[in-house]
Amino acid sequence: MTLPWIVLITYILTSIVFITYLMTRKSFLVSLSRLLYVCCTVLHLLVIVLAWHKIHHLPLTSPPQAMNMIIFLASLVFMPLVWRRSTIVLGAFFLPVATCILAFLLPSQSLLLSSAIGSYRYLYPLHTLSVVIGEALFVVAFVTSLVYLIHERIIMRGSLHTPISGLPALMLLDKILYASLSLGFIAITVGMIFGGLWATALEIQIGSIAPKVTAGGVMWAVFALSLHQRFAIGWKGSRTAIITLIGFCLMLVLFFGIRWAYPHAHGIGLL
Amino acid sequence: MNRICCLSMNHKRASVDILEQFRVNPEDMLPFMQNGSEIYALNTCNRTEVYWINIDDSTIVEMLSHITGIENKLILELSEVFRGREAVEHLFVVAAGLDSLVIGEPQILGQIKDAYRAAVASATSSTLMNKVLHRTFRTAKRIRTETDIGRYPVSIASEAVELATHIFGDIKKSKALIIGAGDMASIAGKRLKERGSTNLSVINRTHKRACDLAAELGGIPKPFDCLMDELTLSDIVICSTGSSDPIISNPIMENVMRARRNSPIILIDIALPRDIDPDVGRLYNCYLYDIDSLKSIVNRHITSRELQAEKAREIIEYELGVLGKWFTSLDANTTIKDLFNLMEDTIEHLLSDMNVSEQEREKMEQSLRLSLKRLLHRPVSFLKEHPSVKHIDTVRRIFQLDENNQDRHKRQ
């Protein structure tokens with residue numbers, strides 16, 4: 001059995017343990033789920049390091065590699081949250097999503113494909129890494145928004161007698177959501193600046209990357225609007241959560257849709 | 001387990017007046033204790049229960065009548081008597097809160113523990129009662145941890161606080177406002193204080209009553225004119241005034257939400273008629289609960305507790321089995337001891353009829369003891385390996401051990 005398969009099986013097992021904990025609240029599952037979570041992250045890191053070693057550069061030159069990195073970074077961000085008793089159940093919402101995505105990525109050989117990066121190599125990793133960090137934080141924001149809306153619905157209906165009702169308090173979720181959105185927004189902004197510099201350095205025509213730039217700009221504007229409304233008129237809670245969900249869907253459209261509709265949206269056949 | 005009995009007088013049969021009168025302390029029962037007897041008494045606001053071992057029922061009723069001043073006949077009429085397994089099962093059921101007015105309420109276990117401490121201090125509880133009570137604590141603890149019987153609140157005030165914790169998490173950091181100074185407001189304020197709320201204000205039209213309640217809850221009284229300002233600053237609002245018209249209307253709350261920049265607020269309206277306009281619940285980040293919605297949540301929790309009671313009864317059944325085995329093994333040991341007593345009595349009886357020298361007597365005694373020990377070896381081994389009630393009973397009847405015990409007591 002190869003390492004990617006072991007990682008995938010560990011993710012599946014960890015997801016099952018987290019969901020079982022969410023449904024049953026058995027105390028002994030807390031330590032087990034944390035232990036499995038650490039195993040998942042360490043094994044996932046090993047996969048990335050081995051891919052890096054094999055292709056001789058950071059595995060961030062294709063959509064599968066970027067998606068793999070996003071999931072790994074999101075796992076890292078979730079680590080302290082899983083360690084807190086009050087937020088451990090967030091793992092039960094994140095891990096199934098992560099496992100489904102990894103099920104498509106890990107068994108294939110796409111993580112080991114190397115692409116030509118061109119000149120100004122330092123700008124490329126800065127651009128991709130910033131964007132990927134931002135997108136990983138948006139994954140965290142997406143999961144938190146989902147849990148926020150579910151918990152708010154439970155509170156509104158007064159269904160506090162189900163095991164699933166023991167979700168983190170709304171204000172705590174709002175804090176996590178705000179932190180991940182703000183940091184994600186900063187990372188995306190930095191990534192876009194580096195992307196602009198990189199495109200300028202390679203003298204890529206704006207026309208050839210217009211779809212990607214336009215879609216990225218729209219997504220950036222949605223998150224900017226969300227943060228602005230929070231500061232300006234106090235859009236806390238459900239409205240921020242809904243905007244985050246919309247923003248996240250937009251991010252998925254960007255990631256897959258633009259790539260499908262415009263295969264050379266980056267102008268040089270990368271991401 | 002057959003030796004334990006229970007007399008229970010509770011809210012189901014007796015009036016509050018009688019229950020207030022029917023209270024017993026371990027010290028009062030000391031003069032009625034006999035050799036090898038044990039008594040344990042439990043007094044709560046809803047019940048008085050007496051558990052005893054190795055005492056006649058008539059002595060117990062006589063004792064209770066003497067201590068409480070209630071006639072024997074009335075005591076028997078208003079109470080239930082449980083024997084053996086049923087008595088222990090009843091104690092387990094009571095400790096788990098399954099027989100309480102509010103199913104699953106946790107206070108009863110604390111009261112049982114306090115009563116046990118008092119019984120141990122006054123030496124009315126000994127080996128058997130101690131074993132039964134320790135098993136009771138274990139059973140109650142298992143029920144609380146393995147079922148959801150006590151997980152969700154079943155009082156309106158507790159439910160309101162529970163909802164607030166779902167929104168704000170640790171309510172110690174949240175500011176609470178109580179509008180009104182009636183009983184319901186006071187109970188809700190106490191629940192908030194129990195959960196650690198320290199930043200609490202009280203507003204009432206009659207400022208003196210607000211001051212009184214604030215002093216009771218450790219909060220700050222505020223004049224009624226400050227209502228808008230306090231609503232703007234508070235996260236948890238509990239409203240329970242006697243006003244016939246809503247005191248918090250939709251326009252007021254719109255202004256408040258604007259002033260607090262849509263920061264979430266939970267409004268608990270436990271007044272009848274309502275103090276808060278129902279439309280307020282539609283405002284963004286305003287979580288409004290009135291008495292009807294709270295009652296419906298509480299009713300769902302009561303139903304949930306009733307369902308959990310089934311699981312609790314399975315745990316009780318298991319723990320009764322474990323305790324039953326312990327009692328049976330104890331009975332087996334007693335039977336083995338009685339068998340050897342019978343052997344000694346037989347040897348003594350046989351030798352007393354013989355006219356022989358002291359030396360010959362010693363030799364005969366040794367050989368008789370050896371023969372009888374060999375004879376008893378098989379039934380004793382069998383009892384140790386299969387200590388069931390049926391086998392113990394058969395051995396006792398075959399060897400007439402109870403009759404022999406009675407003869408021994410008479411001789412002594």
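Reader: At roughly what angle do the axes of helix α2 and α3 of chain A cross?

Author: Two packed helices are described by the angle between their axes and the distance between the axes. Here the axes of α2 (residues 28-55) and α3 of chain A come within 10 Å and cross at roughly 155°. Axes are lines fitted to C-alpha atoms, for helices over the stretch in contact, and angles run from 0 to 180 degrees between N-to-C directions. That angle makes α2(A) roughly antiparallel to α3(A); angles under 35 degrees count as roughly parallel, over 145 as roughly antiparallel, 65 to 115 as roughly perpendicular and the rest as oblique. This is a predicted model, in which local features need pLDDT of at least 70, side-chain atom pairs count only at pLDDT 80 or more, and totals for chains, interfaces and linings use all residues. Residues are numbered from 1 along each chain as its sequence is written, with chains lettered from A and ligands numbered from 1 in the order in which they are written.

Reader: Is the crossing of α2(A) and α3(A) left-handed or right-handed?

Author: A crossing is left-handed if the near helix is turned anticlockwise from the far one by less than a right angle, and right-handed if clockwise. The crossing of α2(A) and α3(A) is left-handed. Residues that make the contact include A:Tyr37, A:His44 and A:Ile48 of α2(A) and A:Phe72, A:Met79 and A:Trp83 of α3(A). Two residues are in contact if their C-beta atoms, placed from the backbone, lie within 7 Å. By class, this contact has 10 nonpolar, 3 polar and 1 charged residues. Ala, Val, Leu, Ile, Met, Phe, Trp, Tyr, Cys and Pro count as nonpolar, Asp, Glu, Lys and Arg as charged, and the others, Gly among them, as polar.

Reader: How many helices and strands does chain A have?

Author: Helices (H or I, at least four residues) and strands (E, at least two) are DSSP runs, numbered from the N terminus. Chain A has 8 helices and 0 strands.

Reader: Into which domains is chain A divided?

Author: Domain bounds come from an automatic or database domain assignment. In chain A they give domain 1 (1-109) and domain 2 (118-271). The centres of these two domains, taken over C-alpha atoms, are separated by 20 Å. Between them, 23 residues of domain 1 are in contact with 25 residues of domain 2. On the domain 1 side, α1 (3-24), α3 (63-83) and α4 (90-105) each supply at least two residues, and the largest share, 9 residues, comes from α3(A). That side has 18 nonpolar, 4 polar and 1 charged residues.

Reader: Which helices of chain B supply at least two residues each to the side that touches chain A?

Author: In total, 20 residues of chain B are in contact with 13 residues of chain A. On the chain B side, α8 (156-168) and α13 (291-352) each supply at least two residues. The residues of that side divide into 7 nonpolar, 10 polar and 3 charged.

Reader: How do α13(B) and α14(B) cross, left-handed or right-handed?

Author: Their crossing is right-handed. The axes of α13(B) and α14 (residues 358-385) of chain B come within 10 Å and cross at roughly 155°, which makes the two helices roughly antiparallel.

Reader: Does B:Leu370 count as buried or exposed?

Author: A residue is buried if 20 or more other C-beta atoms lie within 10 Å of its own, exposed if 12 or fewer, and partly exposed in between; C-beta atoms are placed from the backbone. B:Leu370 is in helix α14 of chain B and counts as exposed because it has 10 C-beta neighbours inside 10 Å.
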